[in-house]
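The following exercises are to be worked through with the sequence and the model at hand. Each task is followed by a solution in steps.

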Amino acid sequence: MQGFFSKTPFGDNLFSIDKAFNVTGPAITIVGIYGYGLFFEDSKIRNLGLQLVESCAYAGIVTSVLKSAAGRSRPYTGKGNMSWHPVEFNTDQTSFPSGHATLAFATSSVMANYLDNV
């Protein structure tokens, strides 16, 4: 059984940004957290959602700038791990730093602060 967004122009347009930035999953999760806080009138959860948006936005901006500045080739290009082309705005040259790692630390630091637990 195929999903609602599979093989439709709407789905292609909706998730086309995800090919470059991989933001769909985290965005849905963060909107869900904020929506939960809004629906159940829990200001602490709603504030958590806002903090997650803020930290992910800052992390995304910094990572995008660093990726363009560093210009490391992605593995699928076959150029090897020492292929660097600084200041190129090509997605084939945006392997470093890892956006996934940056996003993981951005969200985990906010969540750790929220939990107040060593």
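A residue is called buried under 20% relative accessible area, exposed over 50% and partly exposed in between (1.4 Å probe, protein chains only). The model is predicted, so that local features need pLDDT of at least 70 and side-chain atom pairs count only at pLDDT 80 or more, while totals for chains, interfaces and linings use all residues. Residues are numbered from 1 along each chain as its sequence is written, and side-chain values use heavy atoms, with hydrogens and water left out.

**Exercise 1.** Determine whether H100 is buried or exposed, and place H100 in the fold.

Solution. Step one: H100 lies in helix α4, where helices (H or I, at least four residues) and strands (E, at least two) are DSSP runs, numbered from the N terminus. Step two: H100 has a relative accessible area of 57% and is therefore exposed. Step three: the C-alpha atom of H100 is separated by 9.8 Å from that of G60, 40 residues apart along the chain.

**Exercise 2.** Describe the protein as a whole: how many helices and strands are there?

Solution. Step one: the protein has 4 helices and 0 strands, which gives the pattern α-α-α-α along the sequence. Step two: 21% of the 118 residues count as buried.

**Exercise 3.** State how α2 and α3 are arranged, and which residues meet.

Solution. Step one: the axes of α2 and α3 are 7 Å apart, at an angle of about 155°. Axes are lines fitted to C-alpha atoms, for helices over the stretch in contact, and angles run from 0 to 180 degrees between N-to-C directions. Step two: α2 is therefore roughly antiparallel to α3, since angles over 145 degrees count as roughly antiparallel, under 35 as roughly parallel, 65 to 115 as roughly perpendicular and the rest as oblique. Step three: from α2, I30, I33, Y34, Y36, G37 and L38 meet I45, R46, L48, G49, L50, L52, V53 and C56 of α3; contact means heavy atoms within 4.5 Å. Step four: this contact comprises 11 nonpolar, 2 polar and 1 charged residues. Here Ala, Val, Leu, Ile, Met, Phe, Trp, Tyr, Cys and Pro count as nonpolar, Asp, Glu, Lys and Arg as charged, and the others, Gly among them, as polar.

**Exercise 4.** Characterise the pair α3 and α4, then the position of T63.

Solution. Step one: the axes of α3 and α4 (residues 99-115) come within 9 Å and cross at roughly 150°. Step two: α3 and α4 are therefore roughly antiparallel to each other. Step three: the contact of α3 with α4 has 10 nonpolar, 6 polar and 2 charged residues. Step four: T63 belongs to helix α3 and, at 6% relative accessibility, counts as buried. Step five: leaving aside neighbours within four places in sequence, T63 is in contact with P97, G99 and T102.
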